[in-house]
Amino acid sequence: MQRAIVVLAVSVVGFGIYGVAVDSPLVYYHVPITVVLAFVVGWIHRTAQFADSTLMALVFAAIGNLAGGVLLVGDGTLYGAAVIGEIRYDKAFHALATGVAGWASYEAVKRWGIRRTGAAMFVAIMMAGGAGAFVEIIEYVGSQIFDNTSVGDYGNNMLDLVANTTGSIVGVALASRVVKVEALSDSSPA
């Protein structure tokens, strides 16, 4: 856990300094959101007791979000840059991040005692998909507060939700094949 905290803290500070130095338009948006989400993941970790590899994957997803929103590429941020043909970083990252969230969600629900694999998969997909939908709400709120958030229109947000759903399904499917955790006993920390 300490390694994940250190890597994330260094990344947040580094992207914050870079963003301010180059006047990246979304640095004041992405850095605080990353910090808040780190506390949320830490709170969930208290009962989910994520594997170290899962925590690091969540940290790398946070770093990917920081990079997408803060790094300047051409006339905008990395989120707007094409990375695979016409596919922008935004869509690829949404799928990857919700895949990681799906994996972590599956690990959590199994740890919390949902024994049946199908039920655990369904709950984990809903959790990760819900987290992705929450991101879309945050993007909408950001677009109302900041002049240039580059979140796009309704069609863009719907494609983000498709990427989120696809990522969560793939992440949960992979986790269901690999993750083997025991449910927590009643004496676990709250």
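**Helix packing in a predicted model**

Helices α3 and α4 are roughly antiparallel to each other (angles under 35 degrees count as roughly parallel, over 145 as roughly antiparallel, 65 to 115 as roughly perpendicular and the rest as oblique). The model is predicted, so that local features need pLDDT of at least 70 and side-chain atom pairs count only at pLDDT 80 or more, while totals for chains, interfaces and linings use all residues. Residues are numbered from 1 along each chain as its sequence is written, and side-chain values use heavy atoms, without hydrogens or water.

Helix α3 covers residues 52–70 and helix α4 residues 89–111; helices (H or I, at least four residues) and strands (E, at least two) are DSSP runs, numbered from the N terminus. The two helices pack at an angle of about 155°, and their axes are 10 Å apart. Here axes are lines fitted to C-alpha atoms, for helices over the stretch in contact, and angles run from 0 to 180 degrees between N-to-C directions. The crossing of α3 and α4 is left-handed, a term for the near helix being turned anticlockwise from the far one by less than a right angle, with clockwise giving right-handed. On the α3 side, the contact (heavy atoms within 4.5 Å) is made by Thr54, Ala57, Leu58, Ala61, Gly64, Asn65, Ala67 and Gly68. On the α4 side, Tyr89, Phe93, Val100, Trp103, Ala104 and Glu107 take part. Nine residues of this contact of α3 with α4 are nonpolar, four are polar and one is charged; Ala, Val, Leu, Ile, Met, Phe, Trp, Tyr, Cys and Pro count as nonpolar, Asp, Glu, Lys and Arg as charged, and the others, Gly among them, as polar.

α3 has 19 residues and reaches 27 Å from its first C-alpha to its last, close to the expected 27 Å at 1.5 Å a residue (the expected span is 1.5 Å times one less than the number of residues). Of the 19 residues of α3, 15 are buried, so α3 is largely enclosed by the rest of the structure. Buried means under 20% relative accessible area, exposed over 50%, and partly exposed in between (1.4 Å probe, protein chains only).

α4 has 23 residues and a C-alpha reach of 32 Å from first to last, close to the 33 Å expected at 1.5 Å a residue. α4 is mostly covered, with 18 of its 23 residues buried. Serine 105 is found in α4 and is buried, at a relative accessible area of 9%. Leaving aside neighbours within four places in sequence, serine 105 is in contact with Ala124, Met127 and Ala128. Just after α4, glycine 113 takes a positive phi of about 110°.

The next pairs involve α1. α1 and α3 pack at an angle of about 5°, with axes 9 Å apart. That makes α1 roughly parallel to α3. From α1, the contact with α3 draws on Arg3, Ala4, Val7, Leu8, Ser11, Val12, Phe15, Tyr18 and Gly19. From α3, it draws on Leu55, Met56, Val59, Ala62, Ile63, Leu66, Ala67 and Val70. By class, the contact of α1 with α3 has 14 nonpolar, two polar and one charged residues.

α1 also packs with helix α2 (residues 27–48), at an angle of about 170° and with axes 9 Å apart. α1 and α2 are therefore roughly antiparallel to each other. In this contact Leu8, Val12, Phe15, Gly16, Gly19 and Val20 of α1 meet Val27, Tyr28, Val31, Thr34, Val35 and Ala38 of α2. The contact of α1 with α2 has nine nonpolar, three polar and no charged residues.

Valine 12 lies in α1 (residues 2–21) and is buried, with a relative accessible area of 13%. Apart from neighbours within four places in sequence, valine 12 is in contact with Val31, Thr34, Val35 and Leu66. Valine 12 and proline 32 are 20 residues apart in sequence and 9.0 Å apart, C-alpha to C-alpha. In α2, tryptophan 43 counts as exposed at 59% relative accessibility.

Two loop residues concern backbone geometry. Most residues other than glycine have a negative phi. Aspartate 23, in the loop between α1 and α2, has a positive phi of about 60° and is exposed at 62% relative accessibility. Glutamine 49, in the loop between α2 and α3, has a positive phi near 45° and is partly exposed, with a relative accessible area of 33%.
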